[in-house]
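Biologist: Hello! Could you walk me through this structure, one question at a time?

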Amino acid sequence: MEPVANPWFSWSYVERNWGDITTAVSQHTTLTIQAMVIAFAIALPLAVLAHGRPRVATAVLGATGALYTIPSLALFAILAPFTGIGRTTVLIGLVAYALLILVRNIVVGLEGVDPDVRDAARGLGYGRARMLLTVELPNALPAVIAGLRVATVSTVALVTIGVVVGFGGLGQLMFRGFNSSYRAEIVTATVLTVAIAVIADLLILALGRLMTPWTRTGRTA
């Protein structure tokens with residue numbers, strides 16, 4: 001009796017399961033985008049609050065760091081009784097893990113602004129709010145973009161863990177593939193997850209270059 005074929009990749013699997021694959025990709029992508037938007041919306045004011053206030057910075061980074069150290073499976077298990085099984089639980093977990101990376105990078109970017117640039121802005125009569133918006137944040141953009149890239153790629157990977165609460169995007173296909181020992185399903189889901197991470201990283205990199213043309217000018221000179 002010949003063994004049942006179990007290829008590492010099968011186009012027939014993709015054709016037969018196209019609906020499941022596109023649903024998983026859509027779920028994975030939307031979860032990542034939502035998590036990053038919410039995390040950035042929380043991280044930016046926290047970083048601004050911590051900027052120039054060492055005690056506040058220590059507290060904020062300590063709190064976000066504590067969240068980051070909680071294992072993902074444990075965090076989802078803690079949240080599930082309160083937020084239920086599904087998208088909300090996964091989203092809260094993803095936001096929590098992205099916060100440390102984003103807050104830390106934004107704070108580093110703001111603190112790294114050249115003091116001479118700040119002094120020049122003060123000499124021109126810039127107040128704290130105007131300096132933040134027109135001087136400090138633009139100069140902090142390279143660090144902010146770097147943080148967004150790292151946080152986004154890690155979020156893409158973490159979405160797959162959401163399978164433990166029934167909402168893991170491509171993680172659902174991976175889990176099903178492991179249960180059935182079907183290699184093609186595992187590899188297809190893995191390749192698509194990597195593709196989402198790479199595409200997201202390249203898009204953020206391109207956005208960063210568009211928003212910081214002076215960095216390219218400096219390298220060219």
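Modeller: Gladly, and a definition comes first: helices (H or I, at least four residues) and strands (E, at least two) are DSSP runs, numbered from the N terminus. This is a predicted model, in which local features need pLDDT of at least 70 and side-chain atom pairs count only at pLDDT 80 or more, while totals for chains, interfaces and linings use all residues. Residues are numbered from 1 along each chain as its sequence is written, and side-chain values use heavy atoms, with hydrogens and water left out.

Biologist: How much space lies in the largest pocket?

Modeller: Rolling a probe the size of a water molecule over the atoms shows where empty space is left. On a 1 Å grid over the protein atoms alone, a pocket is an open set of points where a 1.4 Å probe fits, with protein on both sides within 12 Å along at least five of seven lines; lining residues have an atom within 4 Å of a point. Grid points are joined across faces, edges and corners, and a volume is the space filled by probe spheres set on the points. For the largest pocket, that space is about 400 Å³.

Biologist: Which element gives the most to the lining of the largest pocket?

Modeller: The largest pocket is lined by 17 residues, and the closest to its centre are Thr-32, Ile-33, Thr-152, Ala-200 and Ile-204. Two or more lining residues come from each of α2 (18-50), α7 (128-159) and α9 (183-211). With eight residues, the element that gives the most is α9.

Biologist: Why does Thr-32 count as buried?

Modeller: Thr-32 sits in helix α2. Leaving out residues up to four places away in sequence, Thr-32 is in contact (heavy atoms within 4.5 Å) with Thr-152, Thr-155, Val-156 and Val-159. Buried means under 20% relative accessible area, exposed over 50%, and partly exposed in between (1.4 Å probe, protein chains only). Thr-32 is buried because its relative accessible area is 5%.

Biologist: Is Glu-136 buried or exposed?

Modeller: Glu-136 and Arg-118 meet through their side chains in a salt bridge (2.7 Å, N to O). This pair links helix α7, where Glu-136 lies, to Arg-118 in helix α6 (residues 115-123). At 6% relative accessibility, Glu-136 counts as buried.

Biologist: How many residues apart in sequence are the parts tied together by Arg-149 and Asp-201?

Modeller: The side chains of Arg-149 and Asp-201 meet in a salt bridge (2.7 Å, N to O). Arg-149 lies in helix α7 and Asp-201 in helix α9, so the pair ties together parts whose separation in sequence is 52 residues.

Notes: Salt bridge = Lys/Arg side-chain N within 4 Å of Asp/Glu carboxyl O.
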